Amino acid sequence: MLYSSRGDQGDRDLLLLFIILTAWETGSSQVHYSVLEEAKHGTFVGHIAQDLRLELTELVPRLFQLDSKGRGDLLEVNLQNGILFVNSRIDREELCGRSAECSIHLEVIVDRPLQVFHVEVEIKDINDNPPVFPGTQRNLFIAESRPLDSRFPLEGASDADIGENALLTYRLSSNEYFSLDVPTTDQQVKPLGLILRKPLDREESPELHLVLTATDRGKPELTGTVQLLIKVLDANDNAPAFDRTLYVVKLPENVPNATFVIKLNASDLDEGLNGDIIYSFSSDVSPDIKFKFYIDPRSGKIIAIGHIDFEESKAYKIPVEAIDKGLPLLAGHCTVLVEVVDTNDFAPELIIKTLWLPVREDAQLGTIIALISVIDRDEGANGKVTCSVTPHVPFKLVSTFKNYYSLVLDSALDRERVANYEVVVTARDGGSPSLSATASLSVEVADVNDNAPAFAQPEYTVLVKENNPPGCHIFTVSARDADAQENALVSYSLVERRVGERALSSYVSVHAESGKVYALQPLDHEELELLQFQVSARDAGVPPMGSNVTLQVFVLDENDNAPALLLPGPGGGAGALSRLVARSVGAGHVVAKVRAVDADSGYNAWLSYELQPAAGGARSPFRVGLYTGEISTTRALDEADAPRQRLLVLVKDHGEPALTATATVLLSLEDSGQAPKASSRASTGAAGAEAALVDVNVYLIIAICAVSSLLVLTLLLYTALRCSAPPSEGVCGPGKPMLVCSSAVGSWSYSQQRRQRVCSGEGPPKADLMAFSPSLPPCPGFVDATGDPQATLDSSGKPRQPNPDWRYSASLRAGMHSSVHLEEAGILRAGPGGPDQQWPTVSSATPEPEAGEVSPPVGAGVNSNSWTFKYGPGNPKQSGPGELPDKFIIPGSPAIISIRQEPTNSQIDKSDFITFGKKEDTKKKKKKKKGNKTQEKKEKGNSTTDNSDQ
């Protein structure tokens, strides 16, 4: 007998339409292949590289990866030709069981740039599994009293295949008692059964042997059989009966043991033992059901005793029978369908697939740091996962594909601010309560050379004493680089330049690693007062970065030069000074002058003159000015004085230790009547005194005329330049007032009050005509090399060392032409009006000590055309701080130079600010005053020369 299982045609069409729509959606979003199960090794599946639009030459360089998600190595890709092929045996039933759809989901990952492709390989079923019954023999006990058309359920066969390969037809061996009842709908509602067509007669046939055959619709067809042994029983006419043939129960997963599932109810119309019912699972129930469920034989209550897992099985079909205790035993049957309800029992799983570390701090936004895979084994909302990243980090998560996220750079990095980030990625599902999982990764920021070495300050001042030993350490520069490793490795070097005629590297050097600066040779203050250079700091990055710092090395003066005498002679520096002195001269008469210079500066160049005591302790009628070097008489000379006077003048500077030089002055005392004769003998005896004086006057007049001509020429050139200059401040115009700042290394700025500049037509404009205020306070905020504010007096109360500005350098002595220098120099002196400052100068040998004098500055050569003012202590018209004298005279010249000072913003024509007058007018006034002067005042004036015109 042949029976075929037939369903409703409309339901099949609807199912077919749903399958077609699902396949259409899947194919539109991913690459889809199909292959038959049990295919041999090497079976072609598809051109995966071509379908993914990947070049064959890119597969290896782009790190082609095939992830089968735990399916093993069933499929592989040939990287040479890009073909996907079968690598090992594929059993569809082992992979998917009885699922209608069976696919292997592959993830294809390629790098540079990162791409993820989803590939689905459908495993098609072949008819490789025959129908299988639960057992090879089934025993049935049927009472002979059972009425016709009684139905006896049978357990049908199962086929591991699907589709047409799993559609079964049943055939019962030929007999006259039973026919086969094949259900046309779901077998869960009405299983396969035998229908009694002819009453049984135990006495005629106590046992019946039948064969039930199941055949599938595959090609070729496969069959399975079971032996049916029917034993005919006597009596017990009513079998137990359930109120329903199918019970459906919903049971949440992960319920605890002994959880109640359902209570069955069966009834038997018989009485006594024939109506006493015992419940049990059918004999052909699977062992898994017996491990997970238990039925109480008396009450029919079913409880869960094992672990119920939705992910393991979504439903359990439990066949139950109720057997009475009659003879023969009669049984009733039903089916309990337990549907497992999913709960959120699986937390998401985070897997970091790939890391690209470390990340350069100059990486562009959007740079991929890591590829992260997220899996949740739950379904529905319980399996819907959202991912987040630690807040306040410069990264974000971007969904690249299903269940894949990329950690990308969201904002700029700065390794110097944060060198390492601890990033925590959190995955949270949509269950209630929700479950989460975290994955931590440490993102290291790689350094790039984006910071140049930096010095603590842009400029350093270094004080070095001259005559230092070669190779001595004078300073250390240090620069810090905020980068790391070789980008922070700083090396130092000099910025080479020329210092005069020599290279900077001949003076100093810097150690490349430590930054120590060394002086390669002894420094000479007289040659080089300020050495300014730059040190470069450069890191070892690529490309390197660097910065410079300026070092100002002030060479401090040491007293290493003794005073040098300026004596008449071939070289001007050797021999003795000889003078003729008339015995008729009175007290205070200047008979000679000792000139000396010191190449040092400050106190080291401040000279004083002392007269060495005569041999035998005799008192000399002569004395020398302490700071002028003028030798004058202390009293009137008489006949008792020796005609030959040999004076030793000790010239001493104020350095420590002080250095000295000794000048020998030979004075010949002659009577007035003998002076011409002696003069004749001294000059060869050929001319008289009057002739010699005439010659001297001629030379003096020529010299005065030459000087006056130079002055007139200077003024004319100055006037022409002033007239031709633009209205704005020119090279000869008044400069911006600046403050004189004094320190141990000298003054390097102009006067705060004013400055005068005289331009010469012979060369570039000079700023040598400067007026310094002698009583200016120290610069505000100025700090010397020791860090203390500059003071005017030292700790012992002694006058502070005069600035080097009162001394001129050798280059200035050699290069000054037609320039007038107004130099105010002196010593501190306490007076009624507070500290006053008078500076020692070298005066000319004028017979009028009270008058203001103009003389070459200290240190100037004999032929210098530079002049300085000198004031006497008795001058009633002493200039105040910052003031200039209104007039001065040139010794031996009838000219008087007057200076008219106008305000800076005055519009008066300055072309005639210097005028000339006659010296005789001044002499007349002075002669009137000289008659009233006392001898005491004359002696007092020998130390310094008065300037009464001021």
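# Notebook: a predicted chain

Buried means under 20% relative accessible area, exposed over 50%, and partly exposed in between, using a 1.4 Å probe and protein chains only. I then turned to Cys-723, which is exposed at a relative accessible area of 59%.

I noted the ground rules. This is a predicted model, in which local features need pLDDT of at least 70 and side-chain atom pairs count only at pLDDT 80 or more, while totals for chains, interfaces and linings use all residues. Residues are numbered from 1 along each chain as its sequence is written, and side-chain values use heavy atoms, with hydrogens and water left out.

**Confidence**

I checked pLDDT, the predictor's confidence in each residue, from 0 to 100. The chain average is 74, and 69% of the residues score at least 70. Residues 19-29 stay under 50, and the model has two contacts for them beyond four places in sequence; contact means heavy atoms within 4.5 Å. Residues 675-692 are also below 50 in pLDDT, and that stretch has nine contacts beyond near neighbours in sequence.

**Disulfide**

I searched the whole structure for disulfides (pairs of cysteine sulfur atoms within 2.5 Å). How many are there? The search finds one. Cys-96 and Cys-102 form the link, with their sulfur atoms 1.9 Å apart. I read 70° about the S-S bond, and the link of Cys-96 and Cys-102 is right-handed. Both Cys-96 and Cys-102 are buried.

**Nonpolar cores**

I next looked for nonpolar cores, which are sets of buried Ala, Val, Leu, Ile, Met, Phe, Trp, Tyr and Cys residues joined through side-chain atoms within 4.5 Å. The largest has 29 residues, and those touching the most other members are Ile-474, Tyr-492, Val-508, Leu-531, Phe-533, Val-535 and Leu-551. Among the elements giving two or more residues to this core are strand E34 (459-465), strand E35 (472-476), strand E42 (530-539) and strand E43 (546-556). Helices (H or I, at least four residues) and strands (E, at least two) are DSSP runs, numbered from the N terminus.

I picked Val-535 and listed its contacts, leaving aside neighbours within four places in sequence. Val-535 is in contact with residues including Phe-455, Val-477, Tyr-492, Val-510, Val-549 and Leu-551. Another core lies apart from the largest one; it has 28 residues, among them Leu-264, Ile-289, Phe-310 and Val-320.

**Sheets and strand pairs**

I reminded myself that strands of a sheet pair through backbone hydrogen bonds, either parallel or antiparallel. Here two strands pair if DSSP finds at least two bridges between them.

I found an open sheet of three strands in the order E10-E13-E12, with antiparallel pairing. Which strands are at the edges? They are strand E10 (151-154) and strand E12 (178-181), each pairing on one side only. The twist averages 30° from one strand to the next; axes are lines fitted to C-alpha atoms, for helices over the stretch in contact, and angles run from 0 to 180 degrees between N-to-C directions. Four bridges join E10 to strand E13 (residues 192-196) in the antiparallel sense.

I then followed strand E27 (residues 368-375), where six of the eight residues are buried. E27 pairs with strand E25 (residues 349-355) over six bridges, in the antiparallel sense. In that pairing Glu-349 has Ile-375 of E27 as its bridge partner. E27 is also joined to strand E30 (residues 404-409) by five bridges, and the two run antiparallel. There Ile-372 has Tyr-405 of E30 as its bridge partner.

**Backbone exceptions**

I kept one general point in mind: most residues other than glycine have a negative phi, and most peptide bonds are trans.

I found a cis peptide bond from Lys-219 to Pro-220, with omega near 0°. Pro-220 is in the loop between strand E14 (207-216) and strand E15 (223-233). A cis peptide bond also joins Val-542 and Pro-543, with omega about -5°, and Pro-543 sits in the loop between E42 and E43.

For positive phi, I noted Arg-53, which is not a glycine yet has a phi of about 60°. Arg-53 lies in the loop between helix H2 (48-51) and strand E4 (65-67). Is Arg-53 buried or exposed? Arg-53 is exposed, with a relative accessible area of 78%. Arg-112, not a glycine either, has a positive phi of about 55°. I placed Arg-112 in the loop between strand E7 (103-110) and strand E8 (115-124), and Arg-112 is exposed at 60% relative accessible area.
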